[in-house]
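Hello,

Here is the structure for you to look through. My notes follow below it.

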Amino acid sequence: MSLCVAESERLEVPEVITADFVYFRLRKPEYTAADVAGIRARAQELLATGRDLYLMFKHEETPGGALNAELLLRSAG
């Protein structure tokens with residue numbers, strides 16, 4: 001069982017790794033390019049330990065979440 005590491009404009013769950021996989025729900029209204037770079041760096045650290053990673057950006061009224069995911073994936077390769 002994995003603790004969901006979630007954040008929003010009103011909530012931030014501390015990152016506590018409880019399983020061999022990690023689940024991030026990133027729901028702030030906006031993330032800067034620097035924020036996405038930091039998320040990417042942390043994701044790479046977790047993946048390097050052999051863990052699976054599930055990472056989701058907010059996906060509601062605007063395309064921001066999908067664009068952040070694309071930026072993260074492009075910068076990882």
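Which strands does helix H1 lie across, and at about what angle does the helix run to E3? Helix H1 covers residues 33-48 and lies across E2 and E3. Its direction is at about 160° to that of E3. Please keep in mind that this is a predicted model.

**Overall layout**

The chain has two helices and three strands. Along the sequence the pattern reads β-β-α-β-α. The chain has 77 residues, and a compact globule of that length would have a radius of gyration near 11 Å. The chain comes to 12 Å, which agrees. Along the principal axes, the C-alpha atoms fill a box of roughly 30 × 30 × 15 Å.

Now the surface. Buried residues are 22% of the 77.

What share of the contacts joins residues 24 or more positions apart? Taking contacts with a separation of 6 or more, the share is 46%.

**The sheet**

The three strands make an open sheet, ordered E1-E2-E3, with parallel pairing. E1 (4-7) and E3 (52-57) are the edge strands. Each has a single partner strand, so one side of each has no neighbour in the sheet. From one strand to the next, the twist averages 10°.

As a reminder, strands of a sheet pair through backbone hydrogen bonds, either parallel or antiparallel.

E2 spans residues 21-26. Four bridges join E1 and E2, in the parallel sense.

**Just before E1**

Ser2 sits in the segment before E1. Which residues does Ser2 contact, leaving aside its neighbours within four places in sequence? The list is Thr18, Ala19, Phe21, Val22 and Tyr23. Take Ala19 as one of them. Ser2 and Ala19 are 17 residues apart in sequence, yet their C-alpha atoms are 5.1 Å apart in space.

**Aromatic pairs**

How many aromatic pairs does the structure hold? There are two.

Phe21 and Tyr54 form an edge-to-face pair. Their ring centres are 6.1 Å apart, with 85° between the planes. Phe21 is in strand E2 and Tyr54 is in strand E3, so this pair ties together parts that are 33 residues apart in sequence. Phe21 has 29% relative accessibility, so Phe21 counts as partly exposed. Tyr54, at 46%, counts as partly exposed too.

**Where to look**

Then go to Ser2 and its contacts, including Ala19.

Best wishes

Definitions and conventions: Residues numbered from 1 in each chain as written. Predicted model: local features only at pLDDT ≥ 70, side-chain atom pairs only at ≥ 80, totals over all residues. Heavy atoms only, no water. Pairing = 2+ DSSP bridges. Axes fitted to C-alpha atoms, helices over the stretch in contact; angles between N-to-C directions. Contact = heavy atoms within 4.5 Å. Rg over C-alpha atoms; globule rule 2.2 N^0.38 Å. Buried < 20%, exposed > 50% of the residue type's maximum accessible area, 1.4 Å probe, protein only. Phe/Tyr/Trp six-rings, centres within 6.5 Å; stacked < 30°, edge-to-face > 60°.
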